[in-house]
Amino acid sequence: MKHERGVALVSVLLIVVLASALAYHLISRQDIAIASTRAVLEYSQAKEYALAAEEVARSVLHQNKASSTYDHLDEDWRFTIVPFEIPNGQVYLRIEDLNTKVNLNALSGQNYGEISQFFVKICDEVAVDSRLVPIWKDWIDADQVTTPGGMEDYEWLGFEPPMRTLDSLGAHLSELNMLVSLSSDQQHQMTEYVVILPTNEMKLNVNTTPAIVMQIFDPLLRTVDQMERSFESVEEAISTLPSLADISEYLSVSSSFFEVQVVVHYNDTRVDLTSRVLIDNDLSGGRLNVQTYSRDYSRRHFVEELAGS
Ligand SMILES: [Ca+2]
């Protein structure tokens, strides 16, 4: 009898232990599910704040374009107030002009002979083999005619693994790494000079292009950062800086491409957004469009830089 009671007690204890373990397991799983749902919700909310900041930037750019025909560094879009305070967080926002760097896609356009010389100088500045210039040109131009020093499908198919050229405009600077090996320092330096825009036009805004890029065209332009630049026309800029006359066809006083950089801190979540926008001044329709053509959530921004602009 005693033995049977002992067995019953052990059985009851076993059931209690199993029930406790099951309850603990269920509670743990529920905690994980709650934490996971909270993370998803917070990320979605932070992403919405980032998109809202992009909308603010587009609106600032729209107002700027509607009010003046030229862009310079003392305009409102340069001084967007940061950070915006939001419930349980902050939003940092900065707008950068992209018509301040040499467009790599311009190598597939007109005037390859002249434009390639600008890129050769940039390669010299960042200590990259200038053979990159004809190789990149063949990579993005629509034809299969090999440029001197370049490579089209015929050459690329001989590699292991074999490759074929893109034959359309590049979309991201990282594509350069397909063609040549660049150190992270070289890549970083390259971004000071060049940009990839969804056009084969080369257009630099004389009011906003920094001296580091300007001096590629003439060493005398090394001092432009110390000047007040708010030229209303390219002719006015040339009258002050005569060496610009040689590259006047690549100059403008207004910009069409901008980059919007956003950082959102919301509770424990952070979202970094880099949006690129195109301002399309449809003169025939009388409409001004500020369109986002790319969004990237992978690039991390320095909040200090955004707050200090
Ligand atoms: Ca090609």
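Leu93 has a bridge partner in strand S7, and that partner is Val262. S7 covers residues 257–266, and nine bridges join S2 to S7. The two strands run antiparallel. A word on terms: strands are DSSP runs of E with at least two residues, helices are runs of H or I with at least four, and both are numbered from the N terminus. Two strands pair if DSSP finds at least two bridges between them.

Before I go on, the ground rules. This is a predicted model: local features need pLDDT of at least 70, side-chain atom pairs count only at pLDDT 80 or more, and totals for chains, interfaces and linings use all residues. Residues are numbered from 1 along each chain as its sequence is written.

Now the other partner of S2. Strand S1, residues 84–86, pairs with S2, residues 89–97, in the antiparallel sense over three bridges. Glu85 stands opposite Gln90 in S2. S1 and S2 form a hairpin with two residues between them. Look at Asn88, in the loop between S1 and S2. Asn88 has a positive phi of about 60 degrees, although it is not a glycine.

Next, the helices. How do H2 and H3 pack? H2 is residues 112–125, H3 is residues 132–140, and they pack at an angle of about 130 degrees with their axes 9 Å apart. That makes H2 oblique to H3. Axes are lines fitted to C-alpha atoms, for helices over the stretch in contact, and angles run from 0 to 180 degrees between N-to-C directions. Under 35 degrees is roughly parallel, over 145 roughly antiparallel, 65 to 115 roughly perpendicular, and the rest oblique.

Who touches whom? From H2, Tyr112, Ser116, Phe119, Val120 and Cys123 meet Leu132, Val133 and Lys137 in H3. Contact requires C-beta atoms, placed from the backbone, within 7 Å. The residues of this contact divide into six nonpolar, one polar and one charged. Nonpolar covers Ala, Val, Leu, Ile, Met, Phe, Trp, Tyr, Cys and Pro; charged covers Asp, Glu, Lys and Arg; the others, Gly among them, are polar.

One more loop. The peptide bond from Glu160 to Pro161 is cis, with omega near 0 degrees. Pro161 lies between helix H4 (153–156) and helix H5 (176–179).

Technical notes
Two residues are in contact if their C-beta atoms, placed from the backbone, lie within 7 Å.
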